[in-house]
Protein chains: 2
Amino acid sequence: MKIEAHEVERRVETFKAAVQEAGLKLTHQRLEVFRELASSADHPDAHGIYDSVKHRLPTVSLDTVYRTLRTLSDLGLINMLGTAGESIRFDANTRKHHHFVCVNCGLVRDFENEELSALQVQEDLVGFGRVLETQIEVRGICNDCRNKS
Amino acid sequence: MKIEAHEVERRVETFKAAVQEAGLKLTHQRLEVFRELASSADHPDAHGIYDSVKHRLPTVSLDTVYRTLRTLSDLGLINMLGTAGESIRFDANTRKHHHFVCVNCGLVRDFENEELSALQVQEDLVGFGRVLETQIEVRGICNDCRNKS
DNA sequence: CTCCTAATTAAGAATCATTCTGATTTAGGG
DNA sequence: CCCTAAATCAGAATGATTCTTAATTAGGAG
């Protein structure tokens, strides 16, 4: 599943500006890794991104993909997600959103919802620490897995 | 941080019944691994449980702890949690609850809240699949980390 | 346009969590 | 009291991720 072209471009522009801002070089590798991630809605892992990017940059190394993803994550341009025990999945969507997770195959999809995003939980958690953000994780069975069984 | 004694016993009794029910043996190792998990509120990983259990069962192996945790997870007596890239953390709390996660040190604490648990998200997700459950993840900085900085 | 330097590459090794092997011993519970 | 599942031990295998070192490439400031 692909993200719409104009949204991809919006993300890429934000990315370019942030890389310049941080004083880093805008290399082909960084651009292609980011563009690949910004174009896909299914949160690939490092290997998946590597396989896709290799079509356009045949000499890219898996190591560079890992290094680039870590760099972008440190800059806050992408987020890491996924459950412990699996490989790390990446997400170029930095807008406030929530996740649908298939408990069977691990598929993750973003969704936005104003009401959910407006949720305030601070009051109940004074004992644990300061609250920064609240995210909803909806678990279920995705359509593909439903059709298979 | 410890769970109250009567809650631990409640969990242990549920555990004993379920192990019998499944036709598995109630070994010391299984009991001690489960009791350790049921007593701690901070969701230890396999190594942490191993270290604690070793005090009471000096000959237990890390392998047995891993195997036991997987068995209990398959039975639905415990849950696995944690972010990709870290080790798997375990949770003996099978009641409906939510998580507070410290983005700095990774601490996870459970909390219950009727209003949050009553949240219904089905309508918004028809396109992705069937919804089974909704869990809230609150991210922030825990008290310990706040005091250190 | 040129040059400095950061980034990439290659090939390999290291680390860490986790699972598996296979042979041997232990102990739960009918 | 025995049968058999489970545990143990030691070690090895796996897979994701990170690091090493040395040589090459290329971004972008001047």
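Biologist: Among contacts in chain A between residues at least 6 apart in sequence, what percentage joins residues at least 24 apart?

Modeller: The model is a predicted one, and chain A holds 149 residues, of which buried residues make up 45%. If one takes the contacts in chain A between residues at least 6 apart in sequence, the share that joins residues at least 24 apart is 52%.

Biologist: In what order do the elements of chain A run from the N terminus on?

Modeller: Chain A has 6 helices and 5 strands, and its C-alpha trace spans about 50 × 45 × 30 Å along the principal axes. Read from the N terminus on, the elements of chain A run α-α-α-α-β-β-β-β-α-β-α.

Biologist: Is A:Asn113 buried or exposed?

Modeller: A:Asn113 lies in the loop between β4 (108-111) and α5 (114-117) of chain A, and its C-alpha atom is separated by 7.3 Å from that of A:His97, 16 residues apart along the chain. The relative accessible area of A:Asn113 is 11%, and since buried means under 20% relative accessible area, A:Asn113 is classed as buried.

Biologist: Which strands are the edge strands of the open sheet that 6 strands form?

Modeller: The order of the strands in this open sheet is β4(A)-β3(A)-β5(A)-β5(B)-β3(B)-β4(B), with mixed pairing. The twist averages 30° from one strand to the next. Each edge strand pairs on one side only, and the edge strands are β4 of chain A together with β4 (108-111) of chain B.

Biologist: Which residue in β5(B) is the bridge partner of B:Val101?

Modeller: Strand β3 (residues 98-102) of chain B pairs with strand β5 (residues 129-142) of chain B in the parallel sense, over 4 bridges. For B:Val101, the bridge partner in β5(B) is B:Arg139.

Biologist: Are α2(B) and α3(B) roughly parallel or roughly perpendicular to each other?

Modeller: Helix α2 (residues 28-39) and helix α3 (residues 46-53) of chain B pack with their axes 10 Å apart and at an angle of about 110°. Angles of 65 to 115 degrees count as roughly perpendicular, and α2(B) and α3(B) are therefore roughly perpendicular to each other.

Biologist: How do the residues of the contact of α2(B) with α3(B) divide into nonpolar, polar and charged?

Modeller: In a right-handed crossing, α2(B) passes α3(B). From α2(B), B:Glu32, B:Val33, B:Glu36 and B:Leu37 meet B:Ile49, B:Ser52 and B:Val53 in α3(B). The residues of this contact divide into 4 nonpolar, 1 polar and 2 charged.

Note on methods. Residues numbered from 1 in each chain as written. Chains lettered and ligands numbered in written order. Predicted model: local features only at pLDDT ≥ 70, side-chain atom pairs only at ≥ 80, totals over all residues. Heavy atoms only, no water. Axes fitted to C-alpha atoms, helices over the stretch in contact; angles between N-to-C directions. Helix = DSSP H or I, 4+ residues; strand = E, 2+ residues; numbered from the N terminus. Parallel < 35°, antiparallel > 145°, perpendicular 65-115°, else oblique. Left-handed = near helix turned anticlockwise from the far one by under 90°. Contact = heavy atoms within 4.5 Å. Nonpolar A, V, L, I, M, F, W, Y, C, P; charged D, E, K, R; others polar. Buried < 20%, exposed > 50% of the residue type's maximum accessible area, 1.4 Å probe, protein only. Pairing = 2+ DSSP bridges.
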